[in-house]
Amino acid sequence: MIPRYSRPEMVAIWSPETKFRIWYEIEAHACDAMADLGVIPRENADAVWKAKDVEFDVARIDEIEAVTKHDVIAFLTHLAEHVGSDEARFVHQGMTSSDVLDTCFNVQLVRAADILIADVEGLLTALKRRALEHKDTLRVGRSHGIHAEPTTMGLTFARFYAEMDRNLTRLRTARDEISTGAISGAIGTFANVDPRVEEHVCEKLGLTPEPISTQVIPRDRHAAFFAALGVVASSIENIATEIRHMQRTEVLEGAEFFSMGQKGSSAMPHKKNPILTENLTGLARTIRMAVVPAMENVALWHERDISHSSVERMIGPDTTITLDFALARLTGVIDKMLIFPDNMLDNMNKFPGLVMSQRVLLALTQAGVSREDAYAMVQRNALKVWEHRTDFKEELLADKDVVAALGADEIEEKFDMGYHTKHVDTIFKRVFG
């Protein structure tokens, strides 16, 4: 992933240096277990740990791979240069390349998941703070982009909090799904490596042994992992889209923070564009691009082929790095987001009283008017408001059929805003406990 959309901690997980360090730890721990089982001499296992402080030379490994055309062999050759060829002769005993590659990949995904989980926890903190801050800030709810009924800005933030809280559960589940390792040999039968070696290596790396592997760890696990990341990305886009709509000039109920010295347009100095949330929408699309290839990686030939390999070399780093950046960016947007309560009330009153139409409809049916007649009575007055910008309550009070059914006092009572916010506390308790 390009540096523009990257953060150092996540990038470091996917560096060649980190990868080779994990490869080394897998091989060294495997040697320890084999020595404990009497498969290889203890002195040879101990000798491997001579390289524990070595910074493996990526350029040298690439140089060897240019000849061997095999990345794991190139690494093992370089390791022997540090340990000594005779001392290193039992390294990789009974193992296959995928034992190293797959176990390493899962270690990297687990570490990436830990960062993403922390990211979502930070976002949840920001969303909760803004929800509580604007718990009673009235705004109009919209369906199909059209005014519907009153809600509060706090409920909007609470809705996003609940969605991201579900995503936190999904990420934790995805982390568990991917937290397996396999040191099971060429076809996964343990013919040349004792299962206890796998148990030891997994314990040292914080993984659990894969119950049954072939030459690879089953890719349904990875499909589930990247699918979870795709859902998180969609939730990011959901929040970003709401903010973008709120920032439109004719709405302006909320906006991204616009810093001192920031410029909105190279041509029009007045512009304040929602560039961060537009960027998040684009990043979400990029993250979701990984989901289908991850699903397609599940079906491998027999005990394995490597059609999945090139895909994972790209989607592993690119998707986790991008999602980490996107979550951090969204947290910053939420933290600094500007809210304009007066504009919210102005927008709601653009068609005065119209958002109370359902309440009047229900009152008429409760007063004995058929639903069909009640709907017609309310709609004919509502359309006058749409067409002439008149006041809905005044239209109702001038309608003799409505007044006959409800009376003027009851019509007045139907325009109390508190009616629509009376259960906000209940919803907040459900969301935040």
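How many nonpolar, polar and charged residues are there in the lining of the largest cavity? I began my notebook with this, keeping in mind that the model is predicted.

**Entry: the cavity.** I searched the whole structure and found one cavity of 30 Å³ or more, and the volume of the largest cavity came to about 30 Å³. I then listed its lining, which consists of Met153, Thr156, Phe157, Phe160, Ile239, Glu242, Ile243, Met246, Ile334 and Met337. Sorting these by class gave me eight nonpolar residues, one polar and one charged, which settles my opening question. I also looked up where the lining comes from, and noted that helix H7 (153–178) and helix H9 (220–247) each contribute at least two residues.

**Entry: aromatic pairs.** I counted 13 aromatic pairs. One of them joins Phe56 and Phe75 in an edge-to-face arrangement, with 5.3 Å from centre to centre and 70° between the planes. This pair links distant parts of the chain, since Phe56 sits in the loop between helix H3 (42–48) and helix H4 (58–68), whereas Phe75 belongs to helix H5 (residues 71–83), and the two are 19 residues apart.

**Entry: charges over rings.** I found Lys393 over the face of Phe415, at 6.0 Å from the ring centre, and the charged end of Lys422 over the ring of Tyr419, at 3.6 Å from its centre.

Terms used
Residues are numbered from 1 along each chain as its sequence is written. This is a predicted model: local features need pLDDT of at least 70, side-chain atom pairs count only at pLDDT 80 or more; totals for chains, interfaces and linings use all residues. Side-chain values use heavy atoms; hydrogens and water are left out. Rings of Phe, Tyr and Trp (its six-membered ring) pair if their centres lie within 6.5 Å; planes under 30 degrees apart count as stacked, over 60 as edge-to-face and the rest as tilted. Helices (H or I, at least four residues) and strands (E, at least two) are DSSP runs, numbered from the N terminus. A charge sits over a ring if NZ of Lys or CZ of Arg is within 6 Å of the ring centre and within 35 degrees of the ring normal. On a 1 Å grid over the protein atoms alone, a cavity is a set of points where a 1.4 Å probe fits but cannot get out, and a pocket is an open set with protein on both sides within 12 Å along at least five of seven lines; lining residues have an atom within 4 Å of a point. Grid points are joined across faces, edges and corners, and a volume is the space filled by probe spheres set on the points. Ala, Val, Leu, Ile, Met, Phe, Trp, Tyr, Cys and Pro count as nonpolar, Asp, Glu, Lys and Arg as charged, and the others, Gly among them, as polar.
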